[in-house]
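Please read them with the coordinates open.

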Amino acid sequence: MGAILFWGIDALVMAHHGTWSTTAWITAKSIALPVACGSAFWQMVKLFSCQDRLMGAAMAMATGIWVSGPLYYIYFHLSFGTRPMSTAEMLFHIALFPIATLMVSLFNGSIGGLLITSALLGILGTGWLGIPGQGKGNQE
């Protein structure tokens, strides 16, 4: 869910990046991506009643974002690149997934959103900001 949401929103912003200034779309990614992923995490935990597995759910979402980065990198390169990418090059980027995720986020301006979202999911996973689906009176 994290991968589809994070990279899907990023792709939507990139589709309209020509109509916005660079500062506007980088700021949009730095705000919209963490807000969307944090809200989706909160709703997912409530929907699936997994309050006792907050950190597991948060890390699953963050892992999905980081592991799918190379796939988005390949998509990003194929969409905006000037030369075709070979199969060996595609496999190389998939094998180096944390670095490829950082590379695509640096090249397309979503590094702020990636780092803030990763930190936010870690914080939400601890339960410090509350536990979704539990009122203040229900916490033990």
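**Notes on the predicted model**

1. Of the 140 residues in the protein, 38% are buried, where buried means under 20% relative accessible area, exposed over 50% and partly exposed in between, with a 1.4 Å probe and protein chains only. This is a predicted model, in which local features need pLDDT of at least 70 and side-chain atom pairs count only at pLDDT 80 or more, while totals for chains, interfaces and linings use all residues. Residues are numbered from 1 along each chain as its sequence is written, and side-chain values use heavy atoms, with hydrogens and water left out.

2. The secondary structure consists of seven helices and zero strands, running α-α-α-α-α-α-α from the N terminus; helices (H or I, at least four residues) and strands (E, at least two) are DSSP runs, numbered from the N terminus. Along the principal axes, the C-alpha atoms fill a box of roughly 60 × 35 × 20 Å. Among contacts with a separation of 6 or more, 72% are between residues 24 or more positions apart, a contact being heavy atoms within 4.5 Å.

3. The axes of helix 2 (residues 22-48) and helix 7 (residues 111-126) come within 8 Å and cross at roughly 25°, which makes helix 2 roughly parallel to helix 7. Axes are lines fitted to C-alpha atoms, for helices over the stretch in contact, with angles from 0 to 180 degrees between N-to-C directions; angles under 35 degrees count as roughly parallel, over 145 as roughly antiparallel, 65 to 115 as roughly perpendicular and the rest as oblique. The contact involves, among others, Leu-33, Cys-37 and Phe-41 of helix 2 and Ile-116, Leu-120 and Leu-124 of helix 7. Its residues divide into nine nonpolar, five polar and one charged, where Ala, Val, Leu, Ile, Met, Phe, Trp, Tyr, Cys and Pro count as nonpolar, Asp, Glu, Lys and Arg as charged, and the others, Gly among them, as polar.

4. For helix 4 (residues 69-80) and helix 5 (residues 87-95), the axes come within 8 Å and cross at roughly 145°. Pro-70, Leu-71, Tyr-73, Ile-74 and Leu-78 of helix 4 meet Met-90, His-93 and Ile-94 of helix 5, and the residues of this contact divide into seven nonpolar, one polar and no charged.

5. Two residues of helix 6 deserve a look. Asn-108 lies in helix 6 (residues 97-108) and counts as buried because its relative accessibility is 0%. The side chain of Asn-108 makes a polar contact with the side chain of Ser-110 at 2.8 Å; such a contact is a pair of N or O atoms within 3.5 Å, where, within protein, one must be able to donate a hydrogen and the other to accept it, and residues adjacent in sequence count only if both atoms are side-chain atoms. Beyond four places in sequence, Asn-108 touches Trp-7, Asp-10, Met-14, Trp-25, Lys-29, Tyr-72 and Phe-76.

6. Thr-101 also lies in helix 6 and is buried, with a relative accessible area of 0%. The side chain of Thr-101 reaches the backbone oxygen of Phe-97 at 2.8 Å. Leaving aside neighbours within four places in sequence, Thr-101 is in contact with Trp-7, Ile-65, Trp-66, Gly-69, Pro-70 and Leu-114.

7. Ile-131 lies in the segment after helix 7 and, at 22% relative accessibility, counts as partly exposed. Ile-131 and Val-45 are 86 residues apart in sequence and 8.6 Å apart in space, C-alpha to C-alpha.
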